[in-house]
Amino acid sequence: MTSQHIYIYSPSSAIRDKAAFRRGVARLKALGHEVEIDEAALTAHQRFAGDDATRLAAVSRAAASGADVALIARGGYGLTRILDALPYKALAKAIDKGTEFVGCSDFTALQNALLAKNGAITWSGPAVGEDFGAEGGPDDIMEACFDDLLSGQGEGTGWRMPVRDAELKVKPIEDAVLWGGNLCVLTSLLGTPYFPVVDKGVLFIEDTNEHPYRIERMLDQLKLAGVLARQKAIVFGQFTGVRSIAGYDRGFGMNTVIDRLRASLKKVQVIAGLPFGHVQTKVLLPVGAKVALAAEGRDVFLVWGHRHGHHDHDHGDHHGHDHHHPHAHAHAH
């Protein structure tokens with residue numbers, strides 16, 4: 001794989017774990033990449049990586065960087081504060097010229113705003129600190145998927161549905177827009193110009209440290225707004241840090257939430273187990289791209305085909321299907 005120019009910037013929360021950030025940068029350099037760190041990447045103001053103007057300027061510099069990949073340092077909170085001021089045209093132009101914007105968590109706000117405003121495609125994927133800087137080293141599947149993006153070889157991904165869905169019959173889906181991300185951030189965009197209007201799409205969701213009743217309430221908000229019934233499928237990623245309230249929940253959990261959603265959305269497929277979220281084993285997903293979805297038994301395949309940017313392609317070195325379809329056997333909740 002050829003060396004890539006990776007631009008690292010901080011559009012959301014301040015980097016508190018500087019050791020993880022340093023490990024992440026070192027890992028990217030060890031993989032042979034040219035790593036450029038934004039001048040304000042380590043700035044801190046209150047809980048943010050600099051005040052709003054500082055972070056806006058950082059996003060503009062990422063758009064102007066000409067990098068192969070613009071990668072967020074970390075998620076957290078901060079992008080919804082500046083959605084009405086983001087340089088959408090510059091971002092869309094940068095993407096058009098071949099810069100791939102990658103991130104997760106709070107980055108969901110920028111991704112969906114860009115999709116709503118410009119139809120631009122970005123990637124849900126790793127952050128520098130939490131993922132490349134993970135203690136014990138980055139996850140193999142995440143790195144393989146990131147490598148697929150850089151080499152232009154990534155054509156899709158795959159996973160195994162939870163055991164409890166072994167009898168679920170998944171109907172094939174063609175030509176559907178993939179969109180979504182963090183459920184809490186996505187729901188906060190509803191009713192704004194930054195919420196994409198996607199019909200017959202594949203909506204993927206994930207979240208962390210949210211109680212099942214809060215997750216259900218957000219899903220109900222999207223459902224009552226008419227968003228969910230318009231989709232071909234709702235795909236549940238990983239919901240981590242979910243805790244029941246002793247004495248109150250009495251069996252009410254994520255499975256309850258999923259089962260109720262299935263019952264209320266009879267024409268929309270509800271599929272679980274996607275290896276994406278606040279977890280080490282995460283795949284990269286092109287938000288805004290057309291995808292096809294199919295399953296054989298519990299094995300689900302999500303395919304988007306080649307997405308050629310301006311990266312160098314070594315056509316003699318095609319990855320095997322393990323990289324195209326990394327079976328991250330995500331745990332059923």
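This report walks through a few strands, salt bridges and a surface patch in a predicted model.

## Before we start

Since this is a predicted model, local features need pLDDT of at least 70 and side-chain atom pairs count only at pLDDT 80 or more, while totals for chains, interfaces and linings use all residues. Residues are numbered from 1 along each chain as its sequence is written, and side-chain values use heavy atoms, with hydrogens and water left out.

## Strand 1, on the inside

Let's begin with strand 1, which covers residues 5–9. Helices and strands here are DSSP runs numbered from the N terminus (H or I with at least four residues for helices, E with at least two for strands). Is strand 1 enclosed or open? Five of its five residues are buried, so the rest of the structure largely encloses strand 1. "Buried" stands for under 20% relative accessible area, "exposed" for over 50%, and "partly exposed" for what lies in between (1.4 Å probe, protein chains only). H5, Y7 and Y9 point one way from the strand, I6 and I8 point the other way, and all are buried.

Take H5 as an example. H5 sits in strand 1 and counts as buried because its relative accessibility is 13%. Leaving aside residues up to four places away in sequence, H5 touches E34, E36, S65, G66, A67, D68 and V69; a contact means heavy atoms within 4.5 Å.

## The partners of strand 1

Which strands pair with strand 1 in the parallel sense? One is strand 2 (residues 34–37), over four bridges, and another is strand 3 (residues 69–72), also through four bridges. Two strands pair if DSSP finds at least two bridges between them.

Strand 1, helix 1 (residues 18–30) and strand 2 make a right-handed β-α-β unit. Right-handed is the word used if, with the strands pointing away from the viewer, the path from the first strand over the helix to the second runs clockwise.

Strand 7 (residues 173–182) and strand 12 (residues 290–296) run antiparallel and are joined by three bridges, with A176 standing opposite V291 in strand 12.

Strand 12 also runs antiparallel to strand 13 (residues 299–303), with five bridges joining them. Here L293 has L302 of strand 13 as its bridge partner. Strands 12 and 13 form a hairpin with two residues between the strands, and in that hairpin G297 takes a positive phi near 60°.

## Salt bridges

Side chains of opposite charge can pair when their charged atoms come close. How many salt bridges does a search of the whole structure find? It finds 15, where a salt bridge is a side-chain nitrogen of Lys or Arg within 4 Å of a carboxyl oxygen of Asp or Glu. One of them joins E143 and R27, whose closest N and O atoms are 2.6 Å apart. That pair links distant parts of the chain, with E143 in helix 6 (residues 140–151) and R27 in helix 1, 116 residues apart. E143 is buried at 14% relative accessibility, whereas R27 is partly exposed at 31%.

D38 and R61 form another salt bridge, with the closest N and O atoms 2.7 Å apart. D38 lies in the loop between strand 2 and helix 2 (52–64) and R61 lies in helix 2, so the pair ties together parts 23 residues apart in sequence. D38 is buried at 3% relative accessible area, and R61 is partly exposed at 25%. Then there's D220 with R260, at 3.1 Å between the closest N and O atoms. D220 is in helix 8 (residues 212–224) and R260 in helix 9, so this pair ties together parts 40 residues apart in sequence. Both belong to a network of salt bridges linking E216, D220, K223 and R260.

## A patch on the surface

Y213, I245 and Y248 make a nonpolar surface patch of about 360 Å². The accessible areas come from the Shrake-Rupley method with a 1.4 Å probe, and for residues only the protein chains shown count as cover.

Where does Y248 lie? It's in the loop between strand 9 (233–240) and helix 9 (254–264), and it counts as exposed because its relative accessible area is 69%.

Note on methods:
Patch = residues over 30% accessible without salt bridge, like charges linked within 9 Å, V, L, I, M, F, W, Y side chains within 5 Å.
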